[in-house]
Amino acid sequence: MLPYCPLLIMITLDKISKKIAGRVLFEDVSVTFSNGCRYGLTGPNGAGKSTLFKIIVKLEEATSGNVVVPEKIGFLKQNIEDYKNSTVLDTVIMGNVRLWKAFAEREALYEGEMTDAVGLRLGELEEIIGEENGYTAESDAEILLEGIGIERNYYPELMKTIPTDRQFRVLLCQALFGKPKALLLDEPTNHLDLSSIGWLEEFLKNYGGTLIVISHDRHFLNTITTHIADIDYETLIIYPGNYDDMLVVKTSLRERTEMENKAKEKKIAQLKEFVAKFGAGTRASQVQSRVREIQRLQPQELKKSNIQRPYIRFYPPERQPGQVVLKAEEIGKEYVKNHPIIGHFSLEIHRGDKIAVIGNNGQGKTTLLKMLAQKLLPDTGSISLGHQVKIGYFPQSHHDVLDKHSTGTLFDWLKNIRPGIYDNDVRSVLGKLLFTGDDAFKSIAALSGGETARLILASLMLDEPNFLLLDEPNNHLDLEAVSALAWGLEEYKGTAILATHDRELINQFAKKLILFENGKIRVFDGTLDELSKT
């Protein structure tokens, strides 16, 4: 059954076009986003998803066309620096611009001289504050903060004093605050753990306005969306259903059109043969009929899809390690004295293990992976590698392996991964990760987050480790790249440990779990689906 949405339209795009540096992102797009519907905005990195968001909220101008939007829109911002001197609670309340302006003006008036005009204006401001539920604003903000996993002791603190991942969560609460008529969320699950993602899913499923969301989390999109708005072929097409439904319909429509074109081309070839054979003879009327038929049968022009899927496959060396790849005995780590983030944890990893590390943020997942990767020494206990183990490490912070201020090129950096490697081998792996032509000589400093992630994956493909340790490698990747990564890990013949909040990726890859929960770590010998049944 197709999802039902009320006919009330909240966002309308009328013949919207956008060109950047001569490249067409989308052209003459006319679509409507209806109240009560939840749209996933999809397309590969660089397709124009974030640009379209900025056009809708008037942060960027379209090349041509018009946008009609409701007065109150919740928009997930990324500019945490702008709020560094605001408290956490105030930052959330700023999501309701009308209310926040009323609060600010009221405070300024109370600091000045009280006159009849000031008193009259204060009365008007109190009406606005009442209309915008300002008297419950703090408690409403606290409900959002609690749901998204922000600790109460952070609420009165300045934004710049709390962890960066918490700051981004606060901006998500800001977008949700004040009952906006429409919500535009760009990668809202970034910086969220599994429990916070679950809370957000329930919040959005109960949201009654118009939702448009960009996400690389396939499970999240499949859970919350009623429609998919897909940017491809230089346009935007809305499909009913979730992301998986869209893929089926889109693929079948493309295949059907291609088959119809082939059938038309075959028929046209037959008709042209008839015209060539009898064009100069006595069958002129039949020839003209065939000519008209050729004109009618012209194949539908198919624009090239801008979707590109990288090829990710990790090749461990022929010489395999022993049965035990790594052994950790009673390891512990603390950054604040008497407050261990990991305490007395033991683990034995066997050849061929595929393990996912899951748990809430801030509990020590990255610390554990750094210690297992030999990038951080434990304070207590010991870690020993098995015979002939070669580690490949993907850090959560790309800066740990890449100097983003470097003037060097992608090609040069990869050449240093394996000295003596042939240039063709470097170009080959770059091509598989979608760095074609002159892209190989781009400066590392110019790379986007998604490009940086793909470059690090290319280095792991080139280095041929037999033990992969990957910390949130799917961050910044588009859906096609995450899917390729999942396939690459599934096919990998070595041993792998992956920290991620992406349930689709975990389900496809992991046969064992390391769980961070309630301040403790435990190992579960089974899949995420099996864990949910326990």
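Two strands pair if DSSP finds at least two bridges between them. I keep that in mind for the strand entries. I am working from a predicted model.

**Entry 1: strand S3**

I looked up the neighbours of S3 (residues 38–42). I found 3 bridges joining S3 to strand S7 (residues 210–214), and the two run parallel. Tyr-39 has Ile-212 as its bridge partner in S7. I then checked strand S8 (residues 227–232). Here 4 bridges join S8 to S3, again with the strands parallel.

Next I checked burial. I noted 5 of the 5 residues of S3 as buried, so the strand is largely enclosed by the rest of the structure. I also sorted the side directions. Arg-38, Gly-40 and Thr-42 point one way, while Tyr-39 and Leu-41 point the other way.

**Entry 2: the sheet with S14 and S15**

I traced an open sheet of 6 strands, in the order S14-S15-S16-S12-S17-S18, with mixed pairing. Its edges are S14 (391–394) and S18 (520–524), each of which pairs on one side only. Neighbouring strands are turned by 15° against each other on average, direction ignored.

S14 and S15 (residues 467–471) run parallel and are joined by 4 bridges. Ile-391 stands opposite Phe-467 of S15.

I then asked which strands helix H11 (residues 365–372) lies across. They are S12 (354–359), S14, S15, S16 (495–499) and S17 (512–517). H11 runs at about 155° to S15.

**Entry 3: helices H6 and H7**

I took the pair H6 (residues 164–176) and H7 (residues 194–205). They pack at an angle of about 10°, and their axes are 13 Å apart. Angles under 35 degrees count as roughly parallel, so I put H6 down as roughly parallel to H7. From H6, the contact uses Arg-169, Leu-172 and Leu-176. From H7, it uses Ser-196, Trp-199, Leu-200, Phe-203 and Leu-204. By class I have 6 nonpolar, 1 polar and 1 charged residues in this contact.

**Entry 4: helix H13**

Which residues of H13 (residues 423–432) are buried? I listed Val-426, Val-429 and Leu-430. They cover an arc of only 105° around the axis, which puts them on the same side of H13. The general rule is that an α-helix has 3.6 residues a turn, so residues three or four places apart point the same way. I followed the buried residues of H13 to their partners: they pack against H12 (410–415) and H14 (449–463). Last, I checked the backbone just after H13. Leu-434 takes a positive phi of about 75° there.

Terms used
Residues numbered from 1 in each chain as written. Predicted model: local features only at pLDDT ≥ 70, side-chain atom pairs only at ≥ 80, totals over all residues. Heavy atoms only, no water. Buried < 20%, exposed > 50% of the residue type's maximum accessible area, 1.4 Å probe, protein only. Arc of directions from axis to C-beta. Contact = heavy atoms within 4.5 Å. Axes fitted to C-alpha atoms, helices over the stretch in contact; angles between N-to-C directions. Parallel < 35°, antiparallel > 145°, perpendicular 65-115°, else oblique. Nonpolar A, V, L, I, M, F, W, Y, C, P; charged D, E, K, R; others polar.
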